[in-house]
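Work through the exercises below with the sequence and the 3D structure at hand. Each task is followed by a solution in steps.

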Protein chains: 2
Amino acid sequence: MSRLLLQNHGAMYRTYTCTYNAAAMSTMAILPQSTPTQKLTQRLRRSQLEKKCPSSSLPFSTKASLTIDRKMATQAKCLQLENINPNFITMEYAVRGPLVIRAGEIEKELQKGVKKPFDQVIRANIGDCHAMGQQPVTFLRQLLTLTFEPRLLDSPDYPDDVKERARLILSDCHGHSVGSYTDSAGLEVVRRQVAEYIERRDGGVASDWQNIYLTGGASPGIKSILSLIHCQVNGKTPGVMVPIPQYPLYSATIAEYGMVKVDYYLDEESGWSLNREELQRSFDENKKHCNPRALVVINPGNPTGQVLTRDNIVEIIKFAHDNQLLLLADEVYQDNVYDKNSKFYSFKKVMYEMGEPYRNQELVSFLSTSKGYLGECGIRGGYMEVLNLCPQVKAMLTKSITAALCSTTAGQVAVSALVNPPKPGEPSYERFISEKNATLSALKERAELVHKTLSGFEGYKVNPVQGAMYVFPQIEIPPKAIAAAKAKNMAPDAFYAFELLESSGICIVPGSGFGQRPGTYHFRSTILPQTDKLKLMMEKFRVFHAEFMKKYK
Amino acid sequence: MSRLLLQNHGAMYRTYTCTYNAAAMSTMAILPQSTPTQKLTQRLRRSQLEKKCPSSSLPFSTKASLTIDRKMATQAKCLQLENINPNFITMEYAVRGPLVIRAGEIEKELQKGVKKPFDQVIRANIGDCHAMGQQPVTFLRQLLTLTFEPRLLDSPDYPDDVKERARLILSDCHGHSVGSYTDSAGLEVVRRQVAEYIERRDGGVASDWQNIYLTGGASPGIKSILSLIHCQVNGKTPGVMVPIPQYPLYSATIAEYGMVKVDYYLDEESGWSLNREELQRSFDENKKHCNPRALVVINPGNPTGQVLTRDNIVEIIKFAHDNQLLLLADEVYQDNVYDKNSKFYSFKKVMYEMGEPYRNQELVSFLSTSKGYLGECGIRGGYMEVLNLCPQVKAMLTKSITAALCSTTAGQVAVSALVNPPKPGEPSYERFISEKNATLSALKERAELVHKTLSGFEGYKVNPVQGAMYVFPQIEIPPKAIAAAKAKNMAPDAFYAFELLESSGICIVPGSGFGQRPGTYHFRSTILPQTDKLKLMMEKFRVFHAEFMKKYK
């Protein structure tokens with residue numbers, strides 16, 4: 001029995017005790033960070049492989065009207081755990097892990113009238129803005145509407161600047177329809193708009209539209225770059241340097257591709273900054289057993305919420321250059337900066353300003369329509385800017401995305417809305433800017449509220465939320481609680497998070513899902529609930545934590 | 001110099017002669033099918049690797065205002081052809097290959113006023129319906145509009161049945177917004193609609209909505225299943241049985257994942273049917289050096305346009321079962337059947353009707369909103385139904401798509417439109433059914449027109465277009481033309497297709513991009529141009545072919 005089964009067999013979570021029993025057996029999902037994953041995976045697979053899945057143990061789905069012969073056949077299934085992609089077994093994605101599955105079950109229980117000490121689940125586990133009540137930006141939705149329903153281009157209900165933008169996009173679609181395939185890298189008109197946006201953002205540093213690839217959110221772009229570097233060199237597996245804590249898309253993808261995750265620790269004491277010594281230590285120690293090829297930096301940070309200083313970025317670029325690493329700059333939160341002393345600097349701009357030889361550094365930067373002030377997660381829009389790649393390598397990258405045809409046109413239109421918003425004086429401007437500012441100032445207010453509230457909790461150490469959408473506090477878990485977690489074979493922070501969920505309905509993600517220094521415990525919570533709900537959440541959290549401490553201290 | 005470079009260096013194609021010179025060196029793109037790809041790849045890589053890409057040979061993109069020091073640095077790029085994913089170098093995707101790139105250049109030349117024997121390029125290379133003038137189905141676009149712009153739910157301009165459907169979808173979106181993430185497998189309400197659709201289609205054979213995964217078109221689903229089976233067993237690489245000719249997504253993905261493509265030939269003489277002996281021959285010959293795990297069947301066929309008979313499907317299911325193969329049924333053209341004696345049978349229905357043990361066969365079936373009568377290629381909607389998988393394996397599949405978050409909500413709405421169209425008596429029904437029928441009958445008319453016209457060409461053997469959107473004629477290429485192609489190191493069918501493009505503007509895909517029996521030559525053309533344009537295209541084609549034969553016979 002394992003997490004693997006839990007994913008599809010929610011019933012096992014039906015009681016709190018059962019949750020823990022199931023979770024206890026789920027060694028991979030919420031494992032203590034010090035345990036080597038590989039050994040666990042092997043152990044897990046061995047135990048699973050003992051039970052073969054016979055051909056007819058899974059009868060064809062039926063209806064009452066159709067009788068099925070359920071006699072056991074002897075032939076085993078074609079696909080068994082031991083003969084499928086082993087990387088699928090290793091990979092994990094904590095943001096949608098067992099806690100989130102349990103949260104979904106609790107919601108269904110509440111709907112059925114099951115009595116709980118709370119009346120709703122607060123999903124603070126995922127950066128899903130609209131799900132938490134953020135309103136869509138009118139301009140973006142109008143642009144989508146006019147491109148999908150072009151007969152509305154004659155309607156007096158839509159502003160002229162939006163119509164003009166919609167016409168421009170449609171003029172670049174084959175057959176003037178968003179229903180036709182675009183080039184694999186996206187519509188040229190949108191790629192040009194992205195390049196112009198980047199130039200404005202970076203104070204005139206040039207951007208070539210042919211370096212822009214439109215992607216379905218940032219994730220597919222990140223995955224395609226990680227796949228690109230997957231090559232054994234001198235018998236060594238490629239390694240990817242990722243921050244700890246990190247966004248689990250990276251760990252999941254690295255595991256999926258069978259590469260080596262090379263951890264470097266962010267410095268919690270100095271506001272989750274990076275330092276070159278730590279990067280070098282990680283590189284040197286890991287290059288013995290793998291071939292580090294790329295360095296991932298997330299700025300503003302997820303889950304850590306820091307905004308890197310320019311000096312810090314300079315250091316990182318030098319390090320990447322000196323060690324011949326491809327730099328992946330995950331800059332999807334570039335519009336989410338709240339701290340008045342922080343400013344977003346793009347890696348590209350800093351690299352350019354550093355001059356030779358650094359400006360020739362190979363860099364890929366990612367942006368998405370899912371974050372910022374748009375928060376359009378479901379539409380799947382994004383882009384990557386690919387800089388200084390060898391042309392042959394870039395051609396291979398282009399070729400590799402060709403068979404996937406193209407990213408969704410809805411996402412491409414959303415990207416256009418992001419990079420080419422209404423300008424002052426245009427009919428849509430006032431409404432657009434007021435919606436944008438309202439969303440960003442509400443996020444800023446919540447960033448401060450969450451930081452202030454949690455900082456007052458016993459045993460919490462909380463860095464300010466300078467940017468992004470998350471807080472990542474360090475929590476002191478009393479020895480009695482650690483023992484209780486251990487008895488259930490759970491990581492202490494997962495234990496804490498499960499207790500919080502079951503007693504208050506608040507769903508967060510334990511720090512072990514992102515990585516943390518051994519012996520420390522954290523969690524990630526979004527700052528996305530609407531302010532009233534967030535205040536309620538903070539109060540519930542306070543009560544829970546006080547009781548937890550009373551119980552286990 | 002290679003195809004690889006050509007992809008980004010369109011300038012090399014600037015003259016006709018140059019096109020051929022470049023293409024001649026492009027051994028991989030249009031290689032004669034009998035040449036082993038692996039040797040070529042090695043040769044290609046060796047020649048490319050001689051030229052390292054120095055760090056500053058690719059200066060940071062610049063504007064006049066920014067001066068760049070262009071002195072050569074000595075450090076090489078992090079990413080070179082020899083240290084990137086070797087599978088990216090091997091993979092090819094002919095539907096967007098060098099002919100299509102050249103077609104794009106010709107279009108730009110025409111825009112600039114360059115004199116040509118034609119005034120437009122006819123893109124018959126890709127099943128891109130709207131690009132060829134097919135009109136979107138109003139119902140689908142209205143449903144998209146109402147879900148993206150919910151304030152229009154109060155507008156009298158939209159029919160009530162569409163509003164009701166939009167409200168139902170929004171009620172299943174977190175925060176009632178298509179801007180929020182859905183479950184990784186898609187919105188429950190749409191998955192349930194898909195299951196109901198499949199039950200109706202298959203005359204009541206049950207479908208469980210939890211076996212439905214919504215995907216961004218069919219391609220990502222196919223890729224995730226092929227990735228799932230990627231496992232070395234007893235030191236053998238997994239093999240995937242694909243029809244020859246096949247849709248190049250399969251060959252590209254198999255190459256990308258480093259698996260073995262196990263070819264089985266469709267029988268051209270009997271209308272591109274499959275026969276069990278050929279499947280067995282292919283399996284037996286290939287199992288010596290790889291481990292065949294899956295069998296891909298495309299029905300209706302792409303590029304071949306056949307519709308499999310029920311008897312043929314029975315044979316295939318028996319073969320897959322007896323040889324323990326996962327069955328991948330690519331059924332994206334299931335609504336595109338034109339021949340009055342043909343009927344679409346789903347593999348699932350046939351398998352079910354065959355009873356034990358066949359109904360327990362592991363099967364994945366794919367459908368897309370890009371084909372059929374919708375033709376919404378750019379929106380990226382699709383689903384797969386996954387049957388009889390071992391629950392642990394299914395859990396792994398689910399987990400593997402989790403990190404990709406979800407497919408686009410626009411695509412999910414489009415799937416809803418596909419599987420839950422207006423019913424008789426509902427306000428949208430009349431318009432919907434008339435649009436649907438108009439599209440399908442126009443396609444049927446064109447299928448017949450293309451077949452009839454091409455059948456009259458000297459040296460052509462053309463199977464009827466029973467379904468899908470393509471014709472795949474066998475053409476006799478005269479020895480003199482073969483010699484001319486050989487002199488340019490081109491496959492004869494690629495030579496033919498390039499001559500056609502340059503002299504008439506018609507863009508087709510040579511048979512070598514799909515695979516064909518050695519010594520035979522084919523091409524794939526869509527039947528998508530609007531009827532008037534298609535007639536014009538057929539006439540141009542006739543003139544070209546007559547002249548080609550005159551020149552080379």
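## Exercise 1: Salt bridges

Glu458(A) and Lys553(A) form a salt bridge, and their closest N and O atoms are 2.3 Å apart. A salt bridge here is a side-chain nitrogen of Lys or Arg within 4 Å of a carboxyl oxygen of Asp or Glu. The model is predicted: local features need pLDDT of at least 70, side-chain atom pairs count only at pLDDT 80 or more, and totals for chains, interfaces and linings use all residues. Residues are numbered from 1 along each chain as its sequence is written, chains are lettered from A and ligands numbered from 1 in the order in which they are written, and side-chain values use heavy atoms, with hydrogens and water left out.

Task: State which parts of chain A the pair Glu458(A) and Lys553(A) ties together.

Solution. 
- Step 1. Glu458(A) lies in the loop between α16 (429–455) and β9 (460–461) of chain A. Helices (H or I, at least four residues) and strands (E, at least two) are DSSP runs, numbered from the N terminus.
- Step 2. Lys553(A) lies in the segment after α19 (531–552) of chain A, so the pair links parts that are 95 residues apart in sequence.
- Step 3. Side chains of opposite charge can pair when their charged atoms come close.
- Step 4. Over all chains, a search of the whole structure finds 50 salt bridges.

## Exercise 2: Two chains

Task: Describe the interface of chain A and chain B.

Solution. 
- Step 1. Count the residues in contact (heavy atoms within 4.5 Å). Chain A contributes 126 residues and chain B 126 residues.
- Step 2. Take the buried area, which is the accessible area (1.4 Å probe) that two parts lose on being put together, summed over both. For chain A and chain B this is about 10800 Å², 57% of it on carbon and sulfur atoms.
- Step 3. Look for charged pairs. There are two salt bridges between chain A and chain B. Lys108(A) forms a salt bridge with Glu188(B), with 3.9 Å between the closest N and O atoms.
- Step 4. Find the main contributor. On the side of chain A that touches chain B, helix α14 (residues 391–402) of chain A gives the most, with ten residues.
- Step 5. Sort the residues of that side of chain A: 55 are nonpolar, 45 polar and 26 charged. Ala, Val, Leu, Ile, Met, Phe, Trp, Tyr, Cys and Pro count as nonpolar, Asp, Glu, Lys and Arg as charged, and the others, Gly among them, as polar.

## Exercise 3: Two domains

Solution. 
- Step 1. Together the two domains of chain A bury about 2100 Å², 51% of it on carbon and sulfur atoms. Glu268(A), Pro303(A) and Tyr338(A) supply 33% of the area that domain 1 buries against domain 2, more than any other three residues.
- Step 2. The count of salt bridges between these domains is one. Glu269(A) forms a salt bridge with Lys461(A), the closest N and O atoms being 3.8 Å apart.

## Exercise 4: Backbone

Solution. 
- Step 1. The bond from Asn302(A) to Pro303(A) is cis, with omega near 10°.
- Step 2. Pro303(A) is in the loop between β5 (291–298) and α12 (310–322) of chain A.
- Step 3. In chain B, a cis peptide bond joins Glu356(B) and Pro357(B), with omega about -5°.
- Step 4. Most peptide bonds are trans.
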